[in-house]
Amino acid sequence: MRVLGIESSCDETGIALYDSEKGLLAHALYSQVALHAEYGGVVPELASRDHIRKTLPLIDEVLNKANLNRTDIDAVAYTAGPGLVGALLVGCAIGRSFAWALDIPALAINHMEGHLLSPLLEENPPSFPFVSLLVSGGHTLLVDVQGVGEYKLLGESIDDAVGEAFDKTAKMLGLDYPGGPILAALAEKGTPDKYLFPRPMTNRPGLDFSFSGLKTFAMNTWKASDQTKQDQADIALAFQTAAVETLAIKCKRALKKTGHKTLVVAGGVSANKALRARLDSISQLNVYYPRPEFCSDNGAMIAFTGAMRHSAMVMQDQPTFSARPRWPLDELSPP
Ligand code: KG4
Ligand code: ZN
């Protein structure tokens with residue numbers, strides 16, 4: 001079965017074709033970073049309009065790469081939430097219309113499930129059960145994963161997501177947009193142990209996170225410093241070290257609680273090298289990540305999730321669709 005995947009939940013248009021027998025056939029991604037850069041963050045209306053411009057040409061590009069025609073597609077998987085409602089509606093409308101016109105089934109995919117399953121696209125995939133750490137711009141989640149659609153939420157952020165905290169701290173330090181990866185690159189030039197930032201909520205039991213205080217701590221440290229280039233790098237490193245250590249402490253706790261020996265990390269922040277190095281250093285643990293290009297939003301994870309849920313694919317009886325800007329992962333069920 002060849003599944004076309006469409007991702008348009010935020011500021012990236014991602015398209016891919018996944019074959020349940022042959023694996024990933026082709027994928028293409030268009031990032032709107034340049035479009036939103038002058039505003040210092042994603043402008044939802046501009047994002048929606050750009051998805052409209054890019055989705056169909058990207059579908060043609062992916063079909064060309066795979067040497068296939070539209071009629072070779074067996075099913076369509078599109079992100080229906082969570083995300084920006086206008087941006088989601090573009091992918092939903094195009095995905096549903098495609099399926100309707102080609103008389104093939106379609107399926108609404110949860111974006112966070114896409115991230116969660118993305119490491120399974122790699123050559124040596126993890127096997128169930130495992131603990132999943134999902135770290136993106138909108139979410140910080142620890143999930144007990146028993147199988148596809150069998151998700152129990154162990155912990156989540158009570159305020160900013162970790163990616164959001166990276167982005168806000170970067171902005172406050174005067175770094176360019178998008179801040180997370182730029183802050184991470186700058187941290188490599190920081191002086192180790194120059195500053196010690198707190199590890200929020202690690203001194204009390206539980207698996208929830210809080211990252212907004214860390215961002216404020218970084219801001220106060222920056223204001224009290226001479227605000228030189230080196231101060232900027234030192235604060236970036238202290239912030240990153242604290243965020244990474246906090247995530248590592250909670251991961252260890254979640255593994256102990258569930259008894260699982262496998263940790264699967266995904267979402268934009270899973271590209272962070274310091275986070276990978278720290279989690280890899282935990283003894284007697286198998287850690288899995290997506291390849292770097294599939295850490296951020298992409299169509300491959302949506303096409304793949306569609307293929308994993310092929311039995312739930314439905315033919316439409318009506319040309320209707322809906323998006324779910326909020327769609328908690330633990331509302332999903334197995335296919
Ligand atoms: O998964 P994603 O592409 O989009 C969402 O679903 O949110 O994640 C984007 C987030 C942004 O906050 C971005 O700054 C962060 O991931 N990010 C990073 C790195 N690369 C991306 N944060 C820290 N270090 C990185 N290397
Ligand atoms: Zn995402």
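Q: Which residues are closest to ligand 1?
A: In this predicted model, 18 residues surround ligand 1, and H115, G137, D167, G268 and N272 are the closest. A residue counts if one of its heavy atoms lies within 4 Å of the ligand.

Q: What polar side-chain atom lies 2.5 Å from an oxygen atom of ligand 1?
A: One belonging to D167. A polar contact here is a pair of N or O atoms within 3.5 Å.

Q: And which polar backbone atom is 2.8 Å from a ligand oxygen?
A: One of G137. A polar backbone atom of G268 is 3.0 Å from an oxygen atom of ligand 1.

Q: How much of the ligand does the protein bury?
A: The protein buries 85% of the 550 Å² that ligand 1 exposes when taken alone. Areas come from the Shrake-Rupley method with a 1.4 Å probe.

Q: Which helices each supply at least two shell residues?
A: α4 (111-117), α5 (162-172) and α6 (179-187) do.

Q: How much of the chain is buried?
A: Of its 335 residues, 53% count as buried, meaning under 20% relative accessible area with a 1.4 Å probe, protein chains only.

Q: What are the numbering and cut-off conventions?
A: Residues are numbered from 1 along each chain as its sequence is written, chains are lettered from A and ligands numbered from 1 in the order written. Local features need pLDDT of at least 70, side-chain atom pairs count only at pLDDT 80 or more, totals for chains, interfaces and linings use all residues, and side-chain values use heavy atoms, leaving out hydrogens and water.

Key: Polar contact = N/O pair within 3.5 Å; in protein donor to acceptor, adjacent residues only side chain to side chain. Helix = DSSP H or I, 4+ residues; strand = E, 2+ residues; numbered from the N terminus. Buried < 20%, exposed > 50% of the residue type's maximum accessible area, 1.4 Å probe, protein only.
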